[in-house]
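Welcome! Take a moment to look over the sequence and the 3D view, and then we can walk through a few parts together.

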Amino acid sequence: MNLAEKVEKVKRALAGDDRVDAEQLTERLDALQRFLRVTDPYLPDNDLVAAHTLVERAGSRLALSQDHTVVALAGSTGSGKSSLFNALARLKLSPVGVRRPTTGVAHACVWGPLEPANRLLDWIGVLPRHRFIRESALDGDDEAALRGLVLLDLPDFDSVERGHRLEVDRLLGLVDQVVWVVDPQKYGDRILHNAYLRQFRSHADVTIVVLNQADRLSPTDTDIVLTDLKRLLDEDGLNGVPAMATSAKQPGMLNELRAALEKTVAERQAALRRLAGDLDTVAEQLAATIGPPAAEDEVDRATVRQLSDALAGSAGVPAVAAAAEGAYRHRAIASTGWPLMRGARKLRPDPLKRLHISSEKPAAEEASQELVPVSRTSLPEPDAAQKSAVGLSVRAVAARAAAPIPEVWAPALNAAARSRLGDLPDALDRAVAKTDIGMARKPFWWTAVGLLQWLFTIAAVAGLGWLVAGYAVRALGLPAFDNPKVGEVPLPTLLLLGGLILGLLMAVLLRPIVNVGARRAGRRAEQRLRASVTEVGREYVVAPVREVLNAYAQAREALTVVRSE
Ligand SMILES: Nc1nc2c(ncn2[C@@H]2O[C@H](COP(=O)(O)OP(=O)(O)OP(=O)(O)O)[C@@H](O)[C@H]2O)c(=O)[nH]1
Ligand SMILES: [Mg+2]
């Protein structure tokens with residue numbers, strides 16, 4: 001709130017048209033409670049203490065009597081608080097002394113019956129023996145205008161007794177309105193202005209300042225001192241608060257103060273205004289913790305990609321992709337190679353099986369939960385460089401999320417990003433083991449080529465057998481028979497050579513195709529594994545960060561309500 005707005009607010013308050021709506025105040029308090037609920041796990045306690053105190057205090061005050069208005073007389077030692085208290089009550093209730101300090105604990109005077117105010121006084125902490133009532137049959141209706149007033153005489157805030165100041169500070173936090181009692185000697189006191197009045201600048205509408213002991217000044221001097229006092233109040237940020245001259249010794253000089261108190265009591269607004277002012281102060285403090293909106297997708301693609309790169313490295317994705325490529329080649333050759341070579345190939349281990357990566361499609365989701373032991377790969381543990389790359393990219397996620405919002409959230413975001421770091425290696429390994437890397441299906445053409453290879457081999461073997469049989473027949477001198485010919489070439493020779501050459505040729509010609517297929521299988525495995533690993537990154541790193549960002553967004557929304565007036 002700027003100066004002009006403040007002046008306007010006080011003017012409206014003085015004109016009596018600045019009523020605080022109890023419902024709206026409750027809404028603002030509820031919003032503050034919401035703010036605390038969502039920020040509590042993430043923001044430092046120090047930033048939230050005042051808000052917590054206010055929520056608790058406001059809850060208690062609103063639950064207690066709203067028919068009473070608690071007004072405290074506060075001021076430095078010997079300014080005449082007790083004298084004013086007695087003069088207003090027209091009774092000698094609080095001892096007045098020449099020895100300083102005189103008043104050590106708060107005294108209370110209730111206009112009207114004491115009983116209904118007792119719970120309020122219990123809460124404020126005024127001892128029963130220091131509670132008085134100011135209304136008797138003798139008064140008639142003289143005091144009726146103040147009925148509902150609970151006037152407190154406070155100890156001195158600048159006391160040589162340390163306890164007095166603590167008591168004053170405690171009570172100033174609880175009362176609805178404060179009448180600051182200053183005297184002609186000490187009205188400019190630095191502690192009064194810096195440590196107290198300035199702290200009450202959000203409470204201008206529940207603040208009155210009286211220049212007491214005015215009977216000791218001439219009217220001209222009173223005016224001069226009052227003008228100077230008002231200047232100092234302006235400097236304190238308390239522009240426009242009522243400032244008046246009083247005297248405890250001359251009853252006529254209390255009329256203005258009495259009238260101000262009567263107005264306060266009649267309005268029944270001080271308690272609400274006090275809390276609204278407290279809310280303003282707290283909201284102003286909390287404003288530092290909230291900045292521009294942070295979209296939940298604040299963690300951008302580039303950062304997530306960097307994270308999944310690091311996670312993929314640490315999860316051994318490149319190794320599995322290479323193994324998938326190798327396995328494709330291995331299996332293709334074992335299925336489509338020259339049959340005599342296939343046996344040799346089959347003796348070599350399958351690269352995927354070596355890593356304990358299943359080629360089978362993973363079982364349905366329900367089945368792969370708890371009951372079934374989770375499969376594990378035998379990929380090597382990530383090395384130091386891979387681990388540190390993961391650490392760095394996790395920190396980068398937190399830093400990216402923290403960038404647009406106030407610094408105070410950074411530790412929470414960092415902690416959130418790292419909160420599940422310990423579970424990552426297992427989760428990654430499980431994800432790799434569970435991923436369908438697309439190696440289950442045997443391509444149709446492998447089978448077709450395999451059959452052809454067998455045909456060629458059978459042809460070659462048949463040709464060979466035939467030739468051998470022909471030699472044997474000739475060697476044994478049995479009647480020879482002519483081999484059928486295809487063109488100039490005898491059929492058995494054609495079968496043998498054709499079978500051999502076609503088989504070898506096919507094996508050689510298919511090599512580049514197998515290589516292309518293997519590379520594609522490797523890439524596909526890599527893509528699918530990356531998708532799984534990215535999912536793990538989202539669940540274990542990004543999701544906790546989003547939770548904090550979500551809390552930030554909710555806190556931001558709640559604070560807007562707290563700040564609304
Ligand atoms: N002339 C004059 N003397 C006053 C007035 N008010 C208080 N006094 C005197 O100032 C002295 C201090 O008054 P108290 O009422 O005890 O002052 P206090 O602010 O309650 O002091 P502590 O309780 O010690 O903080 C007493 O001797 C009073 O008689 C006043 O309006 N006019
Ligand atoms: Mg006193």
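Let us begin with E5. Gln 177, Val 179 and Val 181 point one way from this strand, while Val 178, Trp 180 and Val 182 point the other way, and all of them are buried. Please keep in mind that this is a predicted model.

How many residues of strand E5 are buried? Six of the six, across residues 177-182, so the strand is largely enclosed by the rest of the structure.

## The neighbours of E5

E5 pairs with strand E1, which covers residues 69-75; the two run in the parallel sense and share five bridges.

To get from E5 to E6, the chain passes through helix H7, made of residues 190-196, in a β-α-β crossover that is right-handed.

## Around ligand 1

Now turn to ligand 1. There are 21 residues around ligand 1, and those that come nearest are Ser 83, Thr 102, Thr 103, Asp 215 and Ala 248. What kinds of residues make up this shell? Twelve are polar, six are charged and three are nonpolar.

Several polar atoms can be picked out one by one. In Ser 82, a polar side-chain atom lies 2.8 Å from an oxygen atom of ligand 1. Gly 78 takes part through its backbone, where an N or O atom lies 3.1 Å from an oxygen atom of the ligand. For Asn 212, an N or O atom of the side chain is 3.3 Å from a nitrogen atom of ligand 1. Taken alone, ligand 1 exposes 640 Å², and the protein buries 89% of that.

## A buried loop residue

One last stop is Thr 246, which sits in the loop between strand E7 (243-245) and helix H9 (255-267). Is Thr 246 buried or exposed? Thr 246 has a relative accessible area of 0%, and buried means under 20%, so this residue is buried.

Thr 246 and Phe 444 are 198 residues apart in sequence, and from C-alpha to C-alpha they are 106 Å apart in space.

Methods: Residues are numbered from 1 along each chain as its sequence is written. Chains are lettered from A and ligands numbered from 1 in the order in which they are written. This is a predicted model: local features need pLDDT of at least 70, side-chain atom pairs count only at pLDDT 80 or more; totals for chains, interfaces and linings use all residues. Side-chain values use heavy atoms; hydrogens and water are left out. A residue is near a molecule or strand if one of its heavy atoms lies within 4 Å of it. A polar contact is a pair of N or O atoms within 3.5 Å; within protein, one must be able to donate a hydrogen and the other to accept it, and residues adjacent in sequence count only if both atoms are side-chain atoms. Accessible areas come from the Shrake-Rupley method with a 1.4 Å probe; for residues, only the protein chains shown count as cover. Ala, Val, Leu, Ile, Met, Phe, Trp, Tyr, Cys and Pro count as nonpolar, Asp, Glu, Lys and Arg as charged, and the others, Gly among them, as polar. Buried means under 20% relative accessible area, exposed over 50%, partly exposed in between (1.4 Å probe, protein chains only). Helices (H or I, at least four residues) and strands (E, at least two) are DSSP runs, numbered from the N terminus. Two strands pair if DSSP finds at least two bridges between them. A crossover is right-handed if, with the strands pointing away from the viewer, the path from the first strand over the helix to the second runs clockwise.
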